[in-house]
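Subject: Structure handover

Hello,

Here is the structure we talked about. Please open it alongside this note; my findings follow below.

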Amino acid sequence: MKKLLTKYREIWTYLITGVLATVISWGTYPLFLKLFNAAFGVPHIVHIVRDIDVNVFLASLFSWLSAFIFAFITNKLWVFESKSWERKIAVREFFGFLGARAFTGILEVLCVPLFVSVGIDAFFTTILTKLHINIAVLYSSGMCSKISVSVIVVILNYVFSKLFVFKKPKEKAEQ
């Protein structure tokens with residue numbers, strides 16, 4: 001068992017920090033919502049495109065930022081073991097991480113409705129029903145598609161972080 005943990009340490013630590021980042025995002029959201037409701041009133045509606053509750057938007061943004069900062073630091077130091085805080089390296093890693101997460105975030109927003117339209121929800125619902133698995137929690141429209149896209153996003157985030165963001169410098173040949 002110890003060999004498996006050592007061999008796949010990077011993947012295990014990536015999954016653990018990802019779960020913790022999700023907990024931070026979900027845990028800070030209600031705290032930020034209470035903060036903004038106290039500061040700006042409940043609800044704080046702005047009529048831009050539709051009736052948008054600015055407090056919900058800000059709470060969502062700040063909870064995402066909290067999780068993003070946690071994920072960046074833990075991925076940098078613990079998962080991919082990039083210990084350098086040299087300004088040039090840290091800035092490149094930070095903006096690479098931000099760019100990758102922005103790309104996969106947009107991908108998620110666009111792919112969930114696409115997956116629903118091509119029948120991913122219906123496909124998984126049929127399979128799970130035939131396997132006699134209670135899927136009551138998945139009855140929300142698009143939930144199976146969201147889960148499917150999330151799996152793809154997690155894999156892409158790992159690949160982008162490993163290959164582009166926290167890539168190890170090539171060893172210089174001294175000959």
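Which residues does Ser-25 touch, leaving aside residues up to four places away in sequence? There are three names to look for: Ser-63, Trp-64 and Ala-67. Ser-25 itself is found in helix H2, which covers residues 9-40. Is Ser-25 buried or exposed? Its relative accessibility is 18%, and the cut-off for buried is under 20%, so Ser-25 counts as buried.

Before going further, please keep in mind that this is a predicted model.

Now the overall picture. The protein chain has six helices and two strands. Read from the N terminus, the order of elements is α-α-β-β-α-α-α-α. The chain has 175 residues, and 30% of them are buried. Its accessible surface comes to about 12400 Å². Carbon and sulfur atoms hold 72% of that surface. Contacts with a separation of 6 or more were also sorted by sequence distance: 67% of them join residues 24 or more positions apart.

H3 and H4

Helix H3 spans residues 54-79 and helix H4 spans residues 87-118. Their axes lie 11 Å apart, and the packing angle is about 130°. The crossing is right-handed. From H3, the contact uses Trp-64, Phe-68, Ala-71, Phe-72, Asn-75 and Lys-76. From H4, the partners are Ala-90, Glu-93, Phe-94, Phe-97, Leu-98 and Arg-101. By class, this contact has eight nonpolar, one polar and three charged residues.

H5 and H6

Helix H5 runs over residues 120-130, and helix H6 over residues 143-165. Their axes come within 7 Å and cross at roughly 100°. That angle makes H5 roughly perpendicular to H6. On the H5 side, the contact residues are Ile-120, Asp-121, Phe-124 and Thr-125. They meet Met-143, Cys-144, Ser-145 and Ser-148 in H6. Sorted by class, the contact has four nonpolar, three polar and one charged residues.

That is the handover.

Best regards

Notes:
Residues numbered from 1 in each chain as written. Predicted model: local features only at pLDDT ≥ 70, side-chain atom pairs only at ≥ 80, totals over all residues. Heavy atoms only, no water. Axes fitted to C-alpha atoms, helices over the stretch in contact; angles between N-to-C directions. Helix = DSSP H or I, 4+ residues; strand = E, 2+ residues; numbered from the N terminus. Left-handed = near helix turned anticlockwise from the far one by under 90°. Contact = heavy atoms within 4.5 Å. Nonpolar A, V, L, I, M, F, W, Y, C, P; charged D, E, K, R; others polar. Buried < 20%, exposed > 50% of the residue type's maximum accessible area, 1.4 Å probe, protein only. Areas by Shrake-Rupley, 256 points an atom, 1.4 Å probe, with all protein chains shown as cover. Parallel < 35°, antiparallel > 145°, perpendicular 65-115°, else oblique.
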